[in-house]
Structures are given as C-alpha cells and as structure tokens.
Amino acid sequence: MNRWLAALLYALLCAVTFVVCFPLLWAISTSLKPKEEIFRWPPTLLPERFTFESYRELLFGGSAASAPGAGTPPSDFFLHWFANSIIVSVGSTVISITVATLAAYSLTRFRFFGQRAVPYVAIMGYMIPSVIFVFPMFLTLVELDLTDTLLGLTLGYVCITLPFCLWLMWAFFRGVPLEIEEAALVDGASRLQVFRQIVLPVALPGIIAASIFAFIVSWNDYLFGRVFMNSMELLPLTVGVMHFFDGTHVDWGLMMASSVLMTVPMAILFGFMQRHLVAGFGAGAVKG
Amino acid sequence: MTDVVISGLSKSFGSNRVLQSLDLRVPSRQFVTLLGPSGCGKTTLLRLIAGLEKSSQGEIRFGEKRVDTLAPGDRNIAMVFQSYALYPTMSVARNIGYGLEVRRIGKPERTARIGAVAKVLEILHLLARKPKALSGGQRQRVALGRAMVRKPDIFLMDEPLSNLDAKLRAAMRGELRRFHLDLGTTTIYVTHDQLEAMTMSDLVVVMNEGVVQQIGTPEEVYARPANLFVAGFIGTPPMNLVPARHEGGVLSVAGAKLPVAVPPGAPAELILGIRPQDLGVARPGDAGTIPGKVWMVELIGSERLIEMEVAPKLRLTAEVRARQRAAIDDAIAFRPDPAQIHLFDPATGASLTAAR
C-alpha cells in the first residue's frame with residue numbers, strides 16, 4: 001500500500017514538474033527553431049533543424065530580416081536592454097538591502113519614537129498595488145528630472161522593494177538573540193565589529209532571501225519601465241522585448257530567445273544562493 | 001586580585017525602580033552568589049557590573065579603578081549567559097577565541113590558549129564544530145571556555161546552569177566550584193536556585209525587590225537569617241513562621257508555652273521561626289511542645305514531612321526520619337529545639353535573634 005502511495009506521489013510530482021517546466025522548455029525549443037518551423041502545424045516538440053540564428057541576431061546584431069529603411073532593428077538593442085536590466089536590478093537590490101538591513105537592525109535594537117509603527121507602516125505601503133502610485137511617482141521623477149534615466153528607474157524599484165525587504169529583515173533581526181551581541185561586547189568588540197562579525201553572518205540567510213526578492217521584482221517589472229523610460233537604448237529587457245512585436249507580426253524566435261536569455265541571470269542567482277539559503281536557516285539556534 | 005566595590009547603586013527602568021541605593025563589596029578571589037526570586041534585581045545588578053546597562057546613580061569600582069563609565073569590553077570581565085549566547089556562525093574554536101581576536105592577539109598565541117582551555121574543559125574534539133552541533137552541556141562548556149580564555153579579572157555568570165538537566169546541573173556545580181578554586185578569579189554568580197548558592201559560594205548575597213537583604217556565608221544565611229524574607233527564602237522546606245507572644249519572659253505559640261529566652265526590648269507580639277528539621281515529634285501534653293493534629297503526611301525518601309494544624313490556618317511542618325509514622329487527624333505535638341528558634345519583629349521583619 002505504501003509503495004503504491006509513493007508511486008502515486010511520484011507520478012503527481014512528475015506531472016506538476018512537467019507543467020511548471022513546460023513553458024520554459026517550449027521557449028527553449030522555439031528559440032532554437034528556424035523561423036519557418038515555428039508556425040508549422042502540427043507543431044514539432046523538438047526542432048527538426050537546430051539553429052542559433054535568433055541568439056546570433058540578439059547577441060551580435062545584424063538582422064537580415066529587418067525591413068529596408070526602418071532604421072536600427074530592435075534586436076540590435078538587446079545587449080543594451082540586458083545591461084540596463086542588470087544595472088537597475090542590481091542597483092535597486094543593493095540600495096534596498098543596505099537601507100533595509102541597517103533600518104531593520106536599528107528598529108530592533110535601539111529605542112526611539114515610532115519604532116513599533118515603522119515596520120507595519122512599511123508593510124502596509126507594500127500592500128498598495130504599484131499601479132496606484134506609478135503616476136504620482138512619475139510626476140515626482142519629472143520634478144527631479146530623472147525620467148528616462150536608469151537612476152530614476154532604480155529609485156522606482158527601490159520604492160517597491162524596500163518596504164518588503166525592511167519587513168523581512170526586521171522579522172529576521174527580531175529572531176537574533178540580543179545576548180550574542182552582548183557577549184561580543186563583553187568580549188571587547190566595538191558596535192561596528194558586532195554588527196559586521198556577529199550580526200551580519202547570522203542575518204545572511206535573511207539578507208539573501210530579501211536580495212532574491214528585490215532582484216526578482218526589479219528584473220521582472222514591466223510597469224515602471226514602460227512608464228518611466230522612453231529612449232530605446234535605456235529600456236529594461238521586459239519593455240524592450242515588446243519591440244519584437246511590431247503591431248503586425250511577432251518575431252517569436254527573437255521573443256523566445258530573449259526569454260531564455262532573461263532567465264539565465266535568475267538561474268545563476270538561484271544556483272549560487274540556494275546553498276546559502278538552506279545552509280543558513282538552522283543557524284539561529286543558541287538555546288540549550 | 002580584584003575586589004568589586006559597589007556604592008549607592010540605583011537603577012530604574014522608567015518609573016520602575018529595580019535597584020535601590022545598593023552597597024556591596026565583593027572581596028577579591030571569592031565566589032559570590034546573588035540569590036533571590038525572579039525580579040529581585042540580581043540580573044540587573046550583574047548587567048550593571050558588566051556594563052550592559054547604565055546605572056541611574058552610584059558607582060562601581062574594580063579595585064581602585066572606577067568602571068561604570070567604561071564600555072563592557074574595557075572592563076576586562078567575562079560573562080557566561082543563561083542561553084550561553086554562542087556565536088552561531090562561528091566554530092567552537094573561534095567562539096572561544098573571539099575575545100582574543102578582537103584584542104588583536106596573534107594567531108599562534110590564540111591557538112595555544114584556545115587549546116589549553118579546551119583541554120581543561122575536555123572539549124578538544126569539538127573545536128571544529130558549530131554550536132548547533134553541540135549538546136546543552138557542551139555548549140555550556142564552550143561558553144565557559146570563552147570566559148576563561150581571556151583570563152579576565154572577574155567572571156560574571158547569569159544562571160549558567162538553569163538550561164541543563166538536573167543530573168548535569170549537579171555535576172557542573174561541582175566542576176564550576178573546582179574551576180574557581182583552581183583559577184582563583186573573582187566570580188559573581190546569579191541564581192534563583194538556593195541549592196546552587198549554598199553549595200558553590202563563599203558568600204551569598206540575598207536580594208529582594210532591589211534591596212540586599214543579607215550578605216553572609218552560606219552557613220550564616222541559613223543558620224542566622226537577618227530578616228523574615230531570608231528566613232522564608234532559604235531552606236527547603238521553608239522555615240515555619242508563626243505568630244507568637246511573650247509576657248513576663250514566657251513565650252507562647254497558640255497558647256503553648258515554650259522555654260525560650262526572649263531578647264530584652266522585644267515587642268510583645270513576635271514572629272517565631274523554626275526550621276522543619278528542628279522540630280521533633282512529641283506526645284501531646286508534654287511540656288515545651290506545641291500540640292495539634294496531623295493535617296498531611298508526605299514521604300520524601302529518607303525523610304517524612306508531617307504537617308500539623310495548630311489552630312485554623314496555622315500549620316507547622318516538621319521534617320522527621322521516614323520511620324516516624326503519623327496518621328492524618330491524629331493528635332500530635334511538635335517539640336522545637338529551643339536553640340534553633342528564631343524571633344522576628346513583625347513590624348520591621350528584622351531578626352531579634354540573628355546576633356546571637
């Protein structure tokens with residue numbers, strides 16, 4: 001009976017895994033097909049003839065298919081978009097994590113007015129859908145002359161990622177026992193040493209979790225990039241790839257190749273972080 | 001060679017006064033226990049000595065040096081926390097050596113000192129492990145090692161045994177005492193467990209509500225409690241405390257006359273204290289005994305506790321040999337050992353007999 005149950009469970013897990021993975025596999029498959037094979041009916045699961053044409057076009061430019069007289073083809077901007085996305089995602093993640101970690105630490109360790117309210121207000125701010133404040137924020141950026149700049153977009157992402165990062169780090173620091181810091185103080189460490197050598201290593205799993213969150217939100221965002229950015233060479237990837245859809249026809253080969261390349265940083269990020277994420281979680285225990 | 005002198009020390013958290021103008025001298029090389037119920041201010045006092053809290057008033061000196069303005073790291077103290085407070089991301093070796101590391105002591109010396117301490121504590125085989133891979137007793141030893149490796153002037157310990165199981169606690173009591181005798185470092189030890197205080201200390205400081213009730217050797221606080229609080233707090237089962245009166249040099253409890261000399265100038269109404277161990281069973285009607293009837297009998301191994309009702313809501317407990325039997329509701333009498341009777345002033349709670 002138990003074996004049957006296990007077999008059933010495995011079958012179920014395989015099915016779920018397939019459903020989750022299928023879009024990605026389909027994207028990979030499509031990105032490797034020649035253009036004439038993409039729309040063939042019945043569709044082919046695996047490309048009959050492999051081609052890296054779409055990737056070549058994205059990474060090295062020079063689209064032969066672009067209409068004459070249409071100016072630079074959108075695929076030539078792909079590396080710009082990719083770099084833009086990396087810059088704003090890494091930038092907003094670094095800013096959010098730095099501010100959130102320091103703020104959360106002070107919220108749990110020092111006494112000041114409004115100390116208890118801040119994390120709750122922050123999390124409530126996070127619950128407001130970003131579509132509500134994207135336009136007020138756009139007007140603010142206009143005032144600051146930061147529209148259509150990577151800095152403006154980065155700050156926009158900080159606004160949506162910081163509250164949740166703060167909440168996450170706050171919850172994490174509350175679980176770090178004060179006594180280990182006191183022990184380090186008695187051992188002769190300075191406040192800064194305590195923070196760097198004792199608190200940060202303990203908080204690492206929390207920092208990694210918050211970083212992954214902030215990076216994903218920034219990397220996947222479409223709305224802010226669409227509203228704040230204008231110049232072709234300053235767009236983030238999500239907004240940029242929409243130019244492969246020109247109103248009359250969609251270049252699915254480029255679209256799918258872009259999607260595959262877009263997932264690469266995420267895959268690398270998870271590959272590296274996962275180990276730390278899992279390794280760190282048991283670390284908080286000090287009680288006997 | 002560091003004695004700790006505390007004078008006029010007060011500490012308030014908001015309007016809550018935790019310590020009230022406290023004076024205390026901890027002699028050099030002694031093992032001194034701060035003993036009291038939870039909330040009596042003993043941990044706060046320890047944290048003030050460590051520098052983890054700021055005093056509201058008063059001063060703390062280590063020898064000649066005033067320390068209450070110094071940061072914890074500048075006081076050359078080591079502290080063992082109730083939760084051990086090991087650094088979870090560091091190995092046992094680095095946990096022990098961290099204090100040396102931040103003091104910029106070179107790696108060869110650090111390694112040597114960590115090794116020496118680990119050898120004494122028998123944790124050499126654990127040095128590479130992380131705290132989460134240790135048992136409670138092993139963590140306790142690492143915390144102790146971290147304190148010992150720095151060769152501090154003073155050890156501060158905040159209920160270090162309370163997270164251990166009973167058997168390990170008993171073993172560690174002996175070991176801690178042994179380490180203290182070997183190292184000779186002034187130690188201030190906080191506990192609410194009177195057994196720990198009695199077995200380990202050179203001096204016991206009994207505290208209640210932020211005030212020192214009595215300072216003395218374990219024998220002194222047990223045999224000559226300075227006031228009603230100490231009398232009731234020290235000793236298991238607790239001392240019997242019953243109202244008594246004296247007239248014309250004769251002391252009586254619930255009408256029974258007892259052959260006790262009352263110190264001159266004592267008020268007519270008194271509180272009489274007698275430990276359960278100092279009461280013997282007698283026949284009702286014997287002279288110098290207190291009669292009543294058996295209320296409850298409990299066997300606690302080699303001893304038996306007999307609780308006798310003298311009058312409504314007035315009961316005395318005697319601890320007698322287990323072979324002494326008694327049946328509930330039987331008439332019985334207790335004979336107090338006159339030399340072991342304590343008398344207290346009900347108005348002040350102060351002992352009238354402690355100076356004896």
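Analyst: A crossing is left-handed if the near helix is turned anticlockwise from the far one by less than a right angle, and right-handed if clockwise. Helices (H or I, at least four residues) are DSSP runs, numbered from the N terminus. This is a predicted model: local features need pLDDT of at least 70, side-chain atom pairs count only at pLDDT 80 or more, and totals for chains, interfaces and linings use all residues. Residues are numbered from 1 along each chain as written, chains are lettered from A, and side-chain values use heavy atoms without hydrogens or water.

User: In which handedness does α8(A) pass α9(A)?

Analyst: α8(A) covers residues 178-187 and α9(A) residues 191-220. Their axes, lines fitted to C-alpha atoms over the stretch in contact, lie 10 Å apart. The crossing is right-handed.

User: Are α8(A) and α9(A) parallel, perpendicular or oblique to each other?

Analyst: The angle is about 140°, on a scale from 0 to 180 degrees between N-to-C directions. Under 35 degrees counts as roughly parallel, over 145 as roughly antiparallel, 65 to 115 as roughly perpendicular and the rest as oblique. The pair is therefore oblique.

User: How many disulfides does the structure hold?

Analyst: A disulfide needs two cysteine sulfur atoms within 2.5 Å. The sulfur of A:Cys165 is 12 Å from the closest one, in A:Cys159, too far for a bond. For A:Cys14, the nearest cysteine sulfur, that of A:Cys21, is 11 Å away. The total over all chains is 0.

User: Is A:Cys165 buried or exposed?

Analyst: Buried means under 20% relative accessible area, exposed over 50%, partly exposed in between (1.4 Å probe, protein chains only). A:Cys14, at 52%, is exposed. A:Cys165 has 0% relative accessibility, so A:Cys165 is buried.

Conventions. Helices (H or I, at least four residues) and strands (E, at least two) are DSSP runs, numbered from the N terminus.
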